[in-house]
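Hi,

Could you take a look at the structure below when you have a moment?

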Amino acid sequence: MGGARRMAILEGFLLLVLGGFAASFLVLSWELGQTAAMFPRLVAGVSLALLALAIVFQLMGRARARKKPLGTVTRAPDAVPWPAVLAAQIGYIALVVLVGFSLATVIYLAGSPLQMRYRRWGVLGAFAILLTATVVASFTYLFHVRLPEGILWSSLKSRY
Amino acid sequence: MWLEGLMIALQPINLLYLLLGTAFGLVIGALPGLGPMFAVALTLPLTYGMEPASAIILLAAVHAATAYGDSFASILINTPGGVGSVASCWDGYPMAQKGQAGVAMGISALGSFMGGIIGWVSLVAISPLLIMVALKMGPAEYFMVALMALSLLALASHGRVLKGLFLGGIGLLLSFIGRDPITAEARFTFGYLYLEDGLPLAPTVLGLFALSQVLVLSEQGGSIAQIRTVGKVWEGFKLALRLPGTIVRAGIVGIFMGILPALGLASANILAYFAEKRASKHPETFGQGEPRGLLAPEIAKNACIVGDLIPTFALGIPGSSVTAIFLAAMIMHGLQPGVQFFERSGALPYTVFVGILLAQFSFFIMGLLLARQFAKAVLIPNALLIPLIVVLSVVGSFAMRGYVEDIIVTFVFGFIGYLMTRFGYPGACLVLGLVLGDLVEANFHRSVLIGRGSYAIFFTRPLSLTIFLLTVLSLVWPYLKRLVAGKKAEREEAEEEESTVA
């Protein structure tokens, strides 16, 4: 029951974000000139009407029949709840911004599989180091793409 | 001329460029989010010192191989390599989950190859005729075709039509962020300079499909393939060859969408999928690993990609942003696209045509050699696959423009995409809206201008009206069918009751 309630809250959150987005576009379109506002206003209005219809049909469907639980998946023993994986991803971005792509990626590639109870240390070490080296080398030298070097590294470079 | 062109294209240096371009394109295509645009743009500066024929052959090889490689990620990790591979996920990924990744890769390889050949034949044989049809289409028709693509995609979303249409609208709204195409007025930027260029497409798509998939995979654990086998690539071949009707239908959709400037790739694979589902006697099998559902979009995608070159070479009008780079390459090498290209360049056009044909063979052979190895990706434990996808997504979103903000956009849309996946909201509709937004709005404005401020222009032009009616009919048809079937069942029940009473 708790799970179903959490799911309903999450879906409500999604609808709030998407609907709020369309509504804010509709409101903001009044600040624009006639030409720039015309089509966005039309699309935002139609989108909100479609959302309202979708919600009405969904509520009618729920009232008529008890819905089967949403998002049921076959879970393996190494399954991890999504908030933990999302938190690791946010940590990874923060690390990329702070210490740069290379170091952050080695740390993330070595640490993330541990979250899913992966314990083959040799594979893990090789995976983290070789993959990072391959990505960094190919993007830097082959594709000539500068990867984020991180605030710490940039400030150290500018100081010395 | 053809023989001369063939001899030039077969020179060792050109064959080397062909192979290098194919290998490079396959690698880039296999990386989530990095599609033909990135690969061709990256290759362009390398062609500076080359002969014009070699340059175009290299670009054609990269273009064709990247488009084919795009399907790897769609089939194996449910992440479209680019907008042209969205529909390839729908049946390709379920096949991989069922332990048929190799079969799916076989279908994809042969489908892409046949699509390329169909596109090539149309490029050299029937391009003038097709261009005449395309030139009859004005802004109102383009607007209607784009709306039709959005509506059909919503319809293909397995009974979530309203949610699909709503998300198509949200996608359109997202595409309005940035400068207005007519007045250049900044819209919906919330004061951020970063948003004035608009919402970046690649990071958004990577978030919606790749990072959302990461969260789904983490909840499943194990590996993608629920059965520890990948099947044989040859079986995919045999399956594909047994479906000539699918090949013809998807080929026609691909060529036609290819010659329509700017509209093609994003819509071709989706329309082909939908046309195939409509033609099937068992539409309920689509979305559950139906080979036709993978073959049709693959053929249409590659037919469209080669078809895209028709207006580029023949009229000097690029069919897409990728062919715009082709156009830039031609001009850079002193070639004048359009009629002059065919009349004043000697054997060069034929060399280019042969090069494009050879590029199809090249990616097909190389893809075949690698397909089974790539297919084994579905056996990798999710514990390793998840960080791999995350890292490639971060690099993919950063590589195009070098903004850290693009990485943040990817993660935000990753979370939204995950919620949409969980609650059955078809994310592909949002992406199509985002892709088509500029085109839809520009053609809407042009039409209204031509119609002197009146919306009647959309309904007074015969072709526009026909497309509109077809769209409405497609949207209403499933409900009408259900209604008619319900009435029929009621009538039969009543008749049965009457006969029992009698």
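**The cavity and its lining**

Sorted by class, the lining of the largest cavity has seven nonpolar, three polar and no charged residues (Ala, Val, Leu, Ile, Met, Phe, Trp, Tyr, Cys and Pro count as nonpolar, Asp, Glu, Lys and Arg as charged, and the others, Gly among them, as polar). Before I go on, please bear in mind that this is a predicted model, in which local features need pLDDT of at least 70 and side-chain atom pairs count only at pLDDT 80 or more, while totals for chains, interfaces and linings use all residues. Residues are numbered from 1 along each chain as its sequence is written, chains are lettered from A and ligands numbered from 1 in the order in which they are written, and side-chain values use heavy atoms, with hydrogens and water left out.

Back to the cavity. The structure holds one of 30 Å³ or more, and about 70 Å³ of space lies in the largest cavity. A cavity here is a set of points, on a 1 Å grid over the protein atoms alone, where a 1.4 Å probe fits but cannot get out, and lining residues have an atom within 4 Å of a point. Grid points are joined across faces, edges and corners, and the volume is the space filled by probe spheres set on the points.

Which residues line the largest cavity? They are A60(B), H63(B), A64(B), N302(B), I305(B), V306(B), L309(B), I356(B), A359(B) and Q360(B). Two or more lining residues come from each of α4 (52–77), α13 (291–307) and α17 (348–375) of chain B. Helices (H or I, at least four residues) and strands (E, at least two) are DSSP runs, numbered from the N terminus.

**Salt bridges**

I get 10 salt bridges over all chains, a salt bridge being a side-chain nitrogen of Lys or Arg within 4 Å of a carboxyl oxygen of Asp or Glu. Here are three of them, with burial for each partner (buried means under 20% relative accessible area, exposed over 50%, partly exposed in between, with a 1.4 Å probe and protein chains only).

- E196(B) and R179(B) meet at 2.7 Å, N to O. E196(B) sits in the loop between β2 (186–187) and α9 (201–220) of chain B and R179(B) in strand β1 (residues 178–179) of chain B, so the bridge ties together parts that are 17 residues apart in sequence. E196(B) is partly exposed at 24% relative accessibility, and R179(B) is partly exposed at 45%.
- E219(B) bridges to R422(B), with the closest N and O atoms 3.7 Å apart. That pair links distant parts of the chain, from helix α9 of chain B to helix α19 (residues 404–422) of chain B, 203 residues apart. E219(B) is buried at 4%, and R422(B) is buried at 11%.
- E290(B) pairs with R292(B) at 3.8 Å, N to O. E290(B) is buried at 15%, whereas R292(B) is partly exposed at 29%. Both also belong to a network of salt bridges with R249(B) and E276(B).

**Aromatic rings**

The whole structure has 24 aromatic pairs over all chains. Rings of Phe, Tyr and Trp (its six-membered ring) pair if their centres lie within 6.5 Å; planes under 30 degrees apart count as stacked, over 60 as edge-to-face and the rest as tilted.

Where does F39(A) meet F176(B)? Their contact crosses between chains, from helix α2 (residues 34–64) of chain A to the loop between α8 (161–175) and β1 of chain B. F39(A) is buried at 3%, and F176(B) is buried at 1%.

W234(B) and F237(B) both lie in helix α10 (residues 233–241) of chain B, three residues apart, about one turn of the helix. With centres 5.0 Å apart and planes at 65 degrees, they are edge-to-face. Buried or exposed, W234(B)? At 62% relative accessibility, W234(B) is exposed, whereas F237(B) is buried at 8%.

Cheers

Conventions: 1 Å grid on protein atoms, 1.4 Å probe; cavity = no way out; pocket = protein on both sides within 12 Å on 5 of 7 lines; lining within 4 Å.
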